[in-house]
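Take a look at the model shown here.

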Amino acid sequence: MTYIRRAAEDTIKKISEMFPVLLVTGPRQVGKTTLLLRLAEVQQSEGIERKYVTLDDPDVRYLAKRDPALFLQRYTPPVLIDEIQYATELLPYIKMSVDRFGKRGDFWITGSQVFRLMQNVSESLAGRVGIVNLLGLSDAEIYQEPSSPFQTDSTYLMSRLSERTPKGLNDIYARIFKGSMPELYANEKIDWETYYRSYVDTYLQRDIRDLAQVADEMQFYNFMTIVAAHTSKPVVYEELAAAAGISAPTAKKWLSLLVSSHIIALVQPYHNNALKRVVKMPLLHFLDTGLAAYLLKWGNPEALERGAMSGTFFESYVFSEIYKSYLNAGKEPPVYYYRDKDQKEIDLLIYQNGTLSPIEIKKAASPGRTAIRNFHVLEPVTRESSFEGISSLKTEIGTGNVICMANDLLPVDEKNWHVPVWLI
């Protein structure tokens, strides 16, 4: 099978040199193990022999759970331990080994069932573990182009023009429909529908049933489908619950499972004292548009592009690309959205270094100036008077973007740009 070079490789190397324990988390089948085995091969050429053990093996798992100390005598560092969530009993013993020897990069561990794992990691390995969240393939990885955290300023965007290959509407929707799972790109013989059916079955049977005590797998599957239909929309738990035939508290719990296992991301609304009428509902995005298309029974890219959800899938695709660009660099994505009680919305906000940059996402090729009509609602954050004279709370408004199907990078006005989607 073809290996696809991952944008997170350099991040993982850097973090492994900083911490004695490296944890790579993410959904199932996004290539966590493949990536680390590839980097272990590189280490082998440098004279570092890293052992590999998977806790998917029942015999190995039994040893790890029943006698963690003996397990670590058998698999001494440097070691790669796959699917650590199956034997979290190992974590206190890894801590003792780290405290005794303290060598950087001794333990590489992976975990896909994050909701239980992260609590155990934070309790056992605080200050000793560097964490990388790996999602499905980004465009930069699929097309093997340079990857960096997305910025809205014109200098950054201009530099991208020489690094990216222009793509048309059909290319973009073929990518949206296919999704982000590495195996679909590494092996062209895999049937798309068969792959995602197997993926959902594995997720429901192993992650959800085993760890979340969800009694009715089909009801949870139905809930996932309803959530997919709400991608790029604000979360209203009562609405999701009514559609799924469950209680609002159950809907909230189940949605948190989808977040914890990196199936969806919840984008928090941006608010501060200067913005008085913002809503507090998070916005949800499915992180793999291929999985969402499978759940909603879209049959091909052409039907998806022409269908009623064409725009919402486009928004979630753009969001996930920007989101992954930060994760792959080892950074927490500084993303928010804006919506107020007057129904004014801004699809995405990037807040960093005291600057707030608005982004609107439109499928249109020529969105026009109306696409930026709501950017003005952010103006109060730039005025010191909005913060009762405390100048340090002022926020600058950065360059705005309208990410769309335009053919070229073009200015809307002196501070905002039309950005072709293939440039992100």
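Contact here means heavy atoms within 4.5 Å. Helices are DSSP runs (H or I, at least four residues), numbered from the N terminus. This is a predicted model: local features need pLDDT of at least 70, side-chain atom pairs count only at pLDDT 80 or more, and totals for chains, interfaces and linings use all residues. Residues are numbered from 1 along each chain as its sequence is written, and side-chain values use heavy atoms, without hydrogens and water.

Start with H12 (residues 217-229) and H13. Gln219, Asn222, Phe223 and Ile226 of H12 touch Leu240, Ala243 and Ala244 of H13. The axes, lines fitted to C-alpha atoms over the stretch in contact, come within 9 Å and cross at roughly 130 degrees. Angles run from 0 to 180 degrees between N-to-C directions. H12 and H13 are therefore oblique to each other. Oblique is what remains besides roughly parallel (under 35 degrees), roughly antiparallel (over 145) and roughly perpendicular (65 to 115).

Next comes H14 (residues 248-260), which packs with H13 (residues 237-244) at about 100 degrees, axes 8 Å apart. That makes H13 roughly perpendicular to H14. Tyr237, Glu238, Leu240 and Ala241 of H13 meet Ala248, Ala251, Lys252 and Leu255 of H14.

A pocket is an open set of points on a 1 Å grid over the protein atoms alone, where a 1.4 Å probe fits, with protein on both sides within 12 Å along at least five of seven lines; lining residues have an atom within 4 Å of a point. The largest pocket has 20 lining residues, and Gln29, Val30, Gly31, Lys32 and Thr34 lie nearest its centre. H2 gives the most to this lining, 4 residues.

Notes. Helix = DSSP H or I, 4+ residues; strand = E, 2+ residues; numbered from the N terminus.
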